[in-house]
Amino acid sequence: MILLALTLSLVLEKVILISVILGASLGIAMYSTWAERKVAAIMQDRRGPNRAGPFGLFQPLADGVKLFLKEEIIPTVSSKFLFVLGPSLAMLMACMTSAVIPWGPDIPKADGGVISLQVADINIGVLFIFGVVSLGVYGIMIGGWASNNKFSLLSGLRAASQAISYELAMGISLIAMVMMTGSLSLREIVEQQHGFWQDGWFTWNFFKQPLAFIIFIVCAFAELNRAPFDLAECESELIGGYHTEYSSMKLGFYLFAEYINMFISSVILSSLFFGGYNYPFMDIVAANVSPLLVSIIGVLVLLGKAIGFILFFMFIRWTIPRFRYDQLMNLGWKSLIPLALINMLVTGAVILYFFSPK
Amino acid sequence: MDIHQIIFWVLSIMTLGLAVGVIMSRSPINSVLFLILTFFTISGQYIAMNAQFLAIVNVIVYAGAIMVLFLFVIMLMNLNGDTEPQKNFLVQFAGVISGGSLLLIFVAALKSSYTGLEGKQIELAQSSDIGLIKNLGHALFTDYVFPFEIASVLFLSAMIGAVVLGKREKDELDVVVE
């Protein structure tokens, strides 16, 4: 087992890559808050933020400065350590998933090696994402409990039960997809969706597993705590939900973590189901331009798909009203899980009868 | 000491320290959080033994799902110093006796299998790929398929039992509606 075969150049490469990815996710999340308000404004026939800078583009900066400068209030009877731990965990878990995502094709180096645009190509990438997602709820639960407020506690409990319920359907829907690709490595899954059309059918997993995609995206909404599943921060019942007692940048971290999660899950959705950095006619493009440009185009394609998904998340939020809690549980346990199970069975049977290697 | 041994010792000391934290902390919430950290260090041990699948499943199932439910229940119980039940002397005595005998059995079991264990373990950890998901799946679904299926039937029956217990009786439902 080679556990620690590290060279300085590799470490440097990874450090730069991680910094760029973190910076990019933070930047995109920052402008998602702006885009969310613009999208909401357009859908409600308003103008949205338009004072700070052209088209209100400096609005996220102004919001950040405001949150940093606000007075910080910590409830006296709560556990101070856990109170601070809550938003930190939410932020940490939001940033961790990006480690296993392949952001683009490898960049060839002059000496024959390649620079991988993926922080860690572990052979259990999909499971790693699940691990981080399943831990993500701790930030909300701990914060909600440490606030020493009944509404926050209820909100934390809601978030926990919702996350656990929808994780099941999410996992089962992914099993069907993993059975087709035969690998849990995200790099491998993306590579198998090369191009757009091969052997008389689309290569992207969306066209092979549409039901799995629909189940997965519904569960992604639930895991993100976004409308129509934002029961954890349901204003009409729970005031502000788990962040009722939070102020200043700790509140900002909770709100911001949601936008980072949204960006990351958009990237995961595009990697798993919409071909990641693959696009139609990519071989023709690859033959005609330099390898560095190929990688850059790949990254841009992935980001483009992710932004499409972010906009989709926003359109849904401003279109569909919030679910009631029992409806949420019924949808998760009585519709999505049986559907995912049937999908898995059918996929297994089809693979066994039509594609088994004999 | 090579790097694996250093990692092993660091992780072991952390695991034991955090496990002591579980039983020493006054607040049950802190106990659960210590337990979650303990699971993480155990996952670290699995990774050091090249068993990535076990490591991540340990995180997903234990730290991610079961501990969330633990935390859920403890948060609802609202435990604090005033409401904590005072155990009488007899219960404490019984606890000490049973815990001590469990420790005795563990020590005896470990002692009898200790000879040559250390070398074997390191050898296993460094040469074996059984923890990788492909090999593990292959072993589970060919050599050990019967025990595997028995275990899954057991889980299924437990699940159905929980659903049956959780289901309200019909007359009980009517009372709630009234």
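Q: Hi! How many residues of chain B are in contact with chain A?
A: In this predicted model, 20 residues of chain B are in contact with 20 residues of chain A.

Q: Which elements of chain B give two or more residues to that side?
A: Those are α1 (3-24) and α3 (52-77) of chain B.

Q: And which one gives the most?
A: That's α3(B), with 13 residues on the side of chain B that touches chain A.

Q: Are those residues nonpolar, polar or charged?
A: On the side of chain B that touches chain A, 15 are nonpolar and five are polar, with no charged residues.

Q: While we're on chain B, what does its secondary structure come to?
A: Chain B has eight helices and zero strands. Read from the N terminus, its elements go α-α-α-α-α-α-α-α.

Q: How much of chain B is buried?
A: Chain B has 178 residues, and buried ones make up 13% of them.

Q: What about contacts between residues 24 or more positions apart in chain B?
A: If you take the contacts in chain B with a separation of 6 or more, 55% of them are between residues 24 or more positions apart.

Q: Let's switch to the largest nonpolar core. Which residues touch the most other members?
A: The core has 106 residues, and the ones touching the most other members are M141(A), A169(A), C219(A), F263(A) and I56(B).

Q: Which helix gives the most to this core?
A: Helix α4 of chain A, residues 125-146, gives the most, with 15 residues.

Q: Now some helix packing. At what angle do α1 and α12 of chain A pack?
A: Helix α1 (residues 8-43) and helix α12 (residues 291-317) of chain A pack at about 45°, and their axes are 10 Å apart. The two helices, α1(A) and α12(A), are therefore oblique to each other.

Q: Is the crossing of α1(A) and α12(A) left-handed or right-handed?
A: α1(A) passes α12(A) in a right-handed crossing.

Q: Which residues meet there?
A: From α1(A) you have S32(A), A35(A), E36(A) and V39(A), and they meet I310(A), L311(A), M314(A) and F315(A) of α12(A). The residues of this contact divide into six nonpolar, one polar and one charged.

Q: How do α3 and α10 of chain A pack?
A: Helix α3 (residues 80-96) and helix α10 (residues 248-273) of chain A pack at an angle of about 20°, with axes 9 Å apart. That makes α3(A) roughly parallel to α10(A). The crossing of α3(A) and α10(A) is left-handed.

Q: And which residues meet in that pair?
A: On the α3(A) side they are P87(A), A90(A), M91(A), A94(A) and C95(A). On the α10(A) side they are K250(A), F253(A), Y254(A), A257(A), I260(A), N261(A) and I264(A). The contact of α3(A) with α10(A) has ten nonpolar residues, one polar and one charged.

Q: I clicked on L174(A). Where is that residue?
A: L174(A) sits in helix α5 of chain A, residues 150-181.

Q: Why does L174(A) count as buried?
A: Because L174(A) has 23 C-beta neighbours inside 10 Å.

Q: What is L174(A) in contact with?
A: Leaving aside neighbours within four places in sequence, L174(A) is in contact with V126(A), A212(A) and F216(A). L174(A) and Q209(A) are 35 residues apart in sequence, with 9.6 Å between their C-alpha atoms.

Q: How about V178(A), where is that one?
A: V178(A) is found in helix α5 of chain A. With 18 other C-beta atoms within 10 Å, V178(A) is partly exposed. Not counting residues up to four places away in sequence, V178(A) touches V126(A) and L184(A).

Q: Last one: is W201(A) buried or exposed?
A: W201(A) is exposed, because there are 9 other C-beta atoms within 10 Å. You'll find W201(A) in strand β4 of chain A, residues 201-202.

Key. Residues numbered from 1 in each chain as written. Chains lettered and ligands numbered in written order. Predicted model: local features only at pLDDT ≥ 70, side-chain atom pairs only at ≥ 80, totals over all residues. Helix = DSSP H or I, 4+ residues; strand = E, 2+ residues; numbered from the N terminus. Buried ≥ 20, exposed ≤ 12 C-beta atoms within 10 Å, placed from the backbone. Contact = placed C-beta atoms within 7 Å. Core = buried A, V, L, I, M, F, W, Y, C linked by C-beta atoms within 7 Å. Nonpolar A, V, L, I, M, F, W, Y, C, P; charged D, E, K, R; others polar. Axes fitted to C-alpha atoms, helices over the stretch in contact; angles between N-to-C directions. Parallel < 35°, antiparallel > 145°, perpendicular 65-115°, else oblique. Left-handed = near helix turned anticlockwise from the far one by under 90°.
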